Amino acid sequence: MFISPMLLETAPGPFSHSNYIFEPKVDGHRLIYSQQSGSVRLYTRHNNDCTQQYPELQLPFDADIILDGEVACTDPMTSINDFEGVMSRFSTRQANKIAQLTKTLPATFAIFDILHYKGQDLRKLSLTERKAILHSLVLPSSSFGIVPHIEGAGEALYEQIEAMGMEGVVGKRKDSKYVSRRSKDWVKVINWSYADVFITGYKKAEFGWLAAVPDSSGKLRPAGIIEHGANQKHKQAFRGVCQQLVTGEDKNHVYLQPRIQVRVRMRNWTKSGLLRTPVFEQFIV
């Protein structure tokens, strides 16, 4: 049984409030764990069955249950969530490779909510009541964990998260019921990183600026594509300048002299040196 998950709004910045609990934001992908008649199925937030990708999470609880959380992998060097690692697990379909990855790149189910248990629908209970039930569970193995939370002190938690280089903080109203839509009762505060990059071209078909950064020798190397954050005024200003900077084109892109520099915010740098989810902030002049 799949339940469409409750989604987060974005808060403008860290905050503290006695009506909220605060949790570290786990950097993985959303997972609905559903055990019905003893059979376990795992679903993404878009109702895609991903049971086969995570054999270590197919273990049953003591009774039928539906749980909400994130599946994550941890970088053994830093002990920080490895988003690229969990995406590798998610995209692997061959059984022998999956079996190998359970040993070299084990997944953890970080649980933060319980929606059904022992035939009871718990979604109309308050978050505080659901958390109490969740914390009473006996977990099937060390591949399962419950996301910790604190009451009220969102800013203090965010400072710790920022210092550790983690993804961010989630704030949830204590009295919130579970609804299968985006809700202001649950909000996220992302720990953004920032970078200054050069624009070396743009996509022809849809909006996208090609970004580059200097390598260790000072030469520019590709760093990804900026597809978010620019409004119509930004795009118009870019068009007004870029035509005199064109150096060539191919089927999909127009290439430019690297004269335009912009600041972007992003989640982090990928292991291959690309911007992860870059968002345009401003032109640098």
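**Reading the cores and the sheet of a predicted model**

Leu67 touches Leu31, Ile32, Tyr33, Phe61, Phe109, Ile111, Asp113, Ile114, Leu134 and Leu137, leaving aside residues up to four places away in sequence, where contact means heavy atoms within 4.5 Å. This is a predicted model, in which local features need pLDDT of at least 70 and side-chain atom pairs count only at pLDDT 80 or more, while totals for chains, interfaces and linings use all residues. Residues are numbered from 1 along each chain as its sequence is written, and side-chain values use heavy atoms, with hydrogens and water left out.

Me: Which residues touch the most other members of the largest nonpolar core?

Reply: In soluble globular proteins, nonpolar side chains tend to be buried together. A nonpolar core is a set of buried Ala, Val, Leu, Ile, Met, Phe, Trp, Tyr and Cys residues joined through side-chain atoms within 4.5 Å, and buried means under 20% relative accessible area, exposed over 50% and partly exposed in between, with a 1.4 Å probe and protein chains only. Here the largest such core has 25 residues, of which Tyr33 and Leu67 touch the most other members.

Me: Which strand gives the most to this core?

Reply: Strands (E, at least two residues) and helices (H or I, at least four) are DSSP runs numbered from the N terminus. At least two residues of this core come from each of β3 (29-36), β4 (39-43), β5 (65-72) and β6 (108-117), and β6 gives the most, with 4 residues. Apart from this core lies another, of 21 residues, among them Ala211, Cys242, Val254 and Val264.

Me: What is the strand order in the open sheet?

Reply: Strands of a sheet pair through backbone hydrogen bonds, either parallel or antiparallel; two strands count as paired if DSSP finds at least two bridges between them. This open sheet of 5 strands has the order β1-β11-β10-β2-β9, with mixed pairing, and its edge strands, β1 (7-10) and β9 (150-151), each pair on one side only. Strand β2 (residues 20-24) runs antiparallel to β9 and is joined to β9 by 2 bridges, with Ile21 standing opposite Glu151 in β9.

Me: Why do the buried residues of α4 lie on the same side of the helix?

Reply: The buried residues of α4 are Gly154, Leu157, Tyr158 and Ile161. They lie on the same side of α4 because they cover an arc of only 100° around the axis, the arc being that of the directions from the helix axis to the C-beta atoms. Their cover includes β2, β9, β10 and β11, whereas Glu159 and Ala163, on the other side of α4, are exposed.
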